[in-house]
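Subject: Structure handover and notes

Hello,

Here is the structure you asked about. Please look through it first; my notes come after.

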Amino acid sequence: MRPTPEHKFDAPPAYLNTASIGIPPAFVADAVSDSITRWRTGADAAPDFDEHVATARAGFAALVGVPPEQVASGASVSQLVALVAGSIPDGTRVLTVPDDFTSVTFPFAAQAHRGITVTEVEPEKLASTVDQADLIAVSLVQSATGAVLDTKALREAAAGVPVLLDVSQAAGWLPLSLDWADWVVGAAYKWLLSPRGAAWLAARPDALERTRPLAANWYAGEDPWASIYGLPLRLASDARRLDLSPAWFAQVGAAAAIPWLAGLDLGAVRDHCVGLANAVRRGLELPEGRSAITSLDLSTDQIEQLRAAGVRFSMRAGRARLSFHLYNTAADVDLVLDALT
């Protein structure tokens, strides 16, 4: 899949660091820049941002395959996962995989004083050990390695066991249909090509009923602008009751980027991104994978060769992590292989 004029990017050659920070299309950066200009001239009132919050919410809902009324808007994955962790019963047994991103696991581990335990099992054993858990919490795509979870096996095995999935390294390049999961959480600033400061939590209706609004605030009201002062508690009837007061510019960028991403042929986006990652692996005589992220075990010299060639990447768990998105091309693969072979 090649970028077209309507999604122009200013990404430099061999920017392979989307798994850390996504680069927005020019029109998304322009939307944020215009909003900052309006801020500096006092052109906006606070309610003017509500439409951006609603648009971004609907875009995330479309990406994960749920209705917008099942999506809460927040600021970070850990803040939203903490709502779930703070709502589960004392003594809950949580199952995850080794070395998952800690925004998924730390909120549960921090509840140890209530007898909540978090146990790690190898990904290939996750589906076969769900009977040992009261809740599964795991990333759909692993941050460090790019490994993709077998959601079909997990869905079939976890019937009756609640599942929380983090899609921060999946939504935006991988087609998703996750209305079966109890909770789905994701951050804006990676594959969703939006500013940092926005995140979303999709909750099935029965899961929403079990999720306490531990950060209840005025913006979570049925009518936020009538919930600014005084009691009684009057929260929204849908997932908005878990909302956090929005970080405005992050929501402006997300409202531009996410509906646009949701409107793309995500199967083609996946094929483009995974194809480039696998082109690197083939060039290095490594087995192909299913991910837009590839993790390479490189020597110190090889790492320096990549950096000297201008390749932008991250080091995670002692390995070089390369991640491919819409703005990457075969020329980026050639730069990597020329530096390493």
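Predicted model: local features only at pLDDT ≥ 70, side-chain atom pairs only at ≥ 80, totals over all residues.

Helix packing

Start with helix H1 (residues 26-40) and helix H8 (residues 248-262), whose axes come within 9 Å and cross at roughly 155°. Because of that angle, H1 is roughly antiparallel to H8. The crossing of these two helices is right-handed. On the H1 side the contact is made by Phe27, Val28, Ala31, Val32, Ser35, Ile36 and Trp39. On the H8 side it is made by Phe249, Val252, Gly253, Ala256, Ala257 and Trp260. Sorted by class, this contact between H1 and H8 has 11 nonpolar residues, 2 polar ones and no charged ones.

The next pair is H9 and helix H11 (residues 330-340), which pack at an angle of about 30° with their axes 9 Å apart. H9 is therefore roughly parallel to H11. H9 and H11 also cross in a right-handed sense. Leu276, Ala279, Val280 and Gly283 of H9 meet Ala330, Val333, Val336 and Leu337 of H11. By class, the contact of H9 with H11 comes to 7 nonpolar, 1 polar and no charged residues.

The last pair is H3 and H4, with axes 8 Å apart and an angle of about 35°. This crossing of H3 and H4 is right-handed. From H3, the residues in contact are Val77, Ser78, Val81, Ala82, Val84 and Ala85. They meet Ser103, Val104, Pro107 and Phe108 in H4. The contact of H3 with H4 has 8 nonpolar residues, 2 polar residues and no charged residues.

Within helix H4 (residues 102-109), the buried residues are Ser103, Val104, Thr105, Pro107 and Phe108. The elements that cover them include helix H3 (77-85), strand E2 (93-96), strand E3 (117-120), E4 and E5.

Nonpolar cores

How many residues does the largest nonpolar core have? It has 60, and those with the most contacts inside it are Ile136, Leu140, Leu154, Leu165, Val167, Trp173 and Trp200. At least two residues of this core come from each of helix H2 (50-64), strand E4 (135-139), strand E5 (163-166), strand E7 (199-203), H8 and helix H9 (266-283). H8 gives the most to this core, with 6 residues.

Leaving out residues up to four places away in sequence, Leu165 touches Val138, Leu140, Leu149, Leu154, Leu178, Trp180, Ala181, Trp183, Val184 and Val185. There is also a second, separate core of 26 residues, which includes Val77, Leu83, Tyr189 and Ala203.

Backbone points

The peptide bond from Leu231 to Pro232 is cis, with omega near 10°. Pro232 sits in the loop between helix H7 (205-209) and H8.

Two residues other than glycine have a positive phi. For Asp99, phi is near 65°, and this residue lies in the loop between E2 and H4. For Leu193, phi is near 60°, and the residue is found in the loop between strand E6 (183-187) and E7.

Are these two buried or exposed? Asp99 has a relative accessible area of 67%, so it is exposed. Leu193 has 0% relative accessibility and therefore counts as buried.

Ala262 lies in helix H8. Its relative accessible area is 26%, so Ala262 is partly exposed. Apart from its neighbours within four places in sequence, Ala262 is in contact with Gly59, Ala62 and Leu63. Ala262 and Pro123 are 139 residues apart along the chain, and their C-alpha atoms are separated by 28 Å.

Regards

How values were computed: Residues numbered from 1 in each chain as written. Heavy atoms only, no water. Axes fitted to C-alpha atoms, helices over the stretch in contact; angles between N-to-C directions. Helix = DSSP H or I, 4+ residues; strand = E, 2+ residues; numbered from the N terminus. Parallel < 35°, antiparallel > 145°, perpendicular 65-115°, else oblique. Left-handed = near helix turned anticlockwise from the far one by under 90°. Contact = heavy atoms within 4.5 Å. Nonpolar A, V, L, I, M, F, W, Y, C, P; charged D, E, K, R; others polar. Core = buried A, V, L, I, M, F, W, Y, C linked by side-chain atoms within 4.5 Å. Buried < 20%, exposed > 50% of the residue type's maximum accessible area, 1.4 Å probe, protein only.
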